[in-house]
Amino acid sequence: IFTAVEMAPRDPILGLNEAFNADTRAGKVNLGVGVYYDDNGKIPLLAAVKAAEKTRMDAQPPRGYQAIEGLGAYNQAVQNLVFGADSELVSSGRVVTAEALGGTGALKIGADFLKRLNADASVYISDPSWENHRALFESAGFKVENYPYYDVATRGVNFTAMKAALLGLPAGSIIILHACCHNPTGADMSDAQWAEVVEACRERNLVPFLDMAYQGFADGIDADAVAVRLFSASGLQFFVSSSFSKSFSMYGERVGALSIVTASREEAGRVLSQLKRVIRTNYSNPPIHGGAVVAAVLANPELRQQWEDELAGMRDRIRAMRTSLVAKLAERGVAQDFSFVAAQRGMFSYTGLTAAQVEVLKDEYGIYAVSTGRICLAALNTKNIDYVADAIAKVL
Ligand code: PLP
Ligand code: TYF
């Protein structure tokens, strides 16, 4: 049965890791995958996470099955972060939240559920978007198209084109929006533009699906949830996928959640019953550990404060690397204005480096970036930034 199986292409981002790991050069730098490294180039284990894990491991809890929708305390804590502590939507029972296997798992159960509701709808993702968005919704059976988003000329959002495209979509279209820290470009919309997107969704009867993989990486936990808060105030129904891979530095534990905003408590009950069916046929119920740790951190005021401080530390370090890279490129006499790198948000920047330049960075310097010119600023540190700035300056 396998004779006709063809070799599948590598994931363009995760595939870079394999090439990077095989590289034996001492000074190699991986600016490819979106992972936060500390100033020593290590993935941090947050102190708040360590403390919650120790308590949990000391207690040696039994390992029964979880509920299909995951841990109740976790789902409540997620609602609190995503919709705000005083959310009327949450207190009125209109929000369904299910623990999921990372942000990817949340997108997947959301996609499968939507396919059952509206099989003929098309899905629209930003041009460009996270590589996996297209594949994920296509594998759920949807046709996936792009809406205009990034503007190479301004290094920002081409909002005029985006809004015009949204207003031209067929009713019922599913639109995937990056809630903050756009991956791959680092270019986010202003609050006023978000308000216009909400109105466009209302006018065209679109199904908004906010993907929030970087809450807390731009300006702060509540500040980064502006888009969710605007949709919440609109009275529309919408989806939110959350990931704690980055904000808790728990990539491999696969901690995420899907939240669905419905019109009433009664509707929420029906939606949850169907979502559970989707989950059951995918993986039955989520694993225990990651969600329990996140819930424990968020429920304990001291650990929560510690986590918020650690999250702020990651956010501030990325910002420092952004401004430092801009300054170091200018110091090296690079003529092109790179100040946009400091203005962009989150982990990534579309640098404008061409695929050929990215290739030279890899071959001659052992510096790995995505062929689109995307770099992960969170992989820069005080030890490698001069080397990277030297190499980029030379390649340019
Ligand atoms: N959505 C976006 C925009 C992402 O960048 C990522 C990155 O990891 C994800 C979803 C998936 O998150 P997770 O790693 O938790 O599955
Ligand atoms: O964009 C990134 O680098 C991260 C990590 O299939 C990632 O979101 C990349 C590709 C992928 C899963 C995660």
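**View 1. Ser91, an exposed residue of helix H4.** Ser91 is exposed because 11 other C-beta atoms lie within 10 Å; the count for exposed is 12 or fewer, for buried 20 or more, and for partly exposed in between, with C-beta atoms placed from the backbone. This serine belongs to helix H4 (residues 88–91). Helices (H or I, at least four residues) and strands (E, at least two) are DSSP runs, numbered from the N terminus. Across 174 residues of chain, the C-alpha atoms of Ser91 and Arg265 are separated by 9.8 Å. A word on what you are looking at: this is a predicted model, in which local features need pLDDT of at least 70 and side-chain atom pairs count only at pLDDT 80 or more, while totals for chains, interfaces and linings use all residues. Residues are numbered from 1 along each chain as its sequence is written, and chains are lettered from A and ligands numbered from 1 in the order in which they are written.

**View 2. Val35 in its loop.** Val35 sits in the loop between strand S1 (29–30) and helix H2 (47–59). It is partly exposed, with 16 other C-beta atoms within 10 Å. Leaving aside residues up to four places away in sequence, Val35 touches Ile43, Tyr251 and Ala378; contact here asks for C-beta atoms, placed from the backbone, within 7 Å.

**View 3. The shell around ligand 1.** Here you can find Gly34, Gly102, Gly103, Thr104, Trp130, His178, Asn183, Asp211, Ala213, Ser243, Ser245 and Gly256 around ligand 1, a residue being near a molecule if its C-beta atom, placed from the backbone, lies within 6 Å of it. Helix H5 (residues 102–117) supplies the largest share of this shell, three residues. By class, the shell holds two nonpolar, nine polar and one charged residues. Ala, Val, Leu, Ile, Met, Phe, Trp, Tyr, Cys and Pro count as nonpolar, Asp, Glu, Lys and Arg as charged, and the others, Gly among them, as polar.

View 4. Asp11, Ile13, Leu14, Val33, Gly34, Trp130, Glu131, Asn132 and Asn183 surround ligand 2. Their classes are four nonpolar, three polar and two charged. Ligand 2's shell draws residues from both domain 1 (14–45 + 313–395) and domain 2 (65–299), so it lies between them. Domain bounds come from an automatic or database domain assignment.

**View 5. Where domain 1 meets domain 2.** The C-alpha centres of the two domains lie 28 Å apart, and 18 residues of domain 1 are in contact with 19 residues of domain 2. Strand S11 (residues 348–350) gives the most to domain 1's side, with three residues. That side divides into 10 nonpolar, five polar and three charged residues.

**View 6. The largest nonpolar core and Met347.** This core has 120 residues, and Ile175, Leu210, Val228, Val294, Val297 and Met347 have the most contacts inside it. Such a core is a set of buried Ala, Val, Leu, Ile, Met, Phe, Trp, Tyr and Cys residues joined through C-beta atoms within 7 Å. Helix H12 (residues 301–331) gives the most to the core, with eight residues. Domain 1 and domain 2 both give residues to this core, so it lies between them. Not counting residues up to four places away in sequence, Met347 touches, among others, Gly34, Tyr36, Cys181 and Tyr214.

Technical notes: Contact = placed C-beta atoms within 7 Å.
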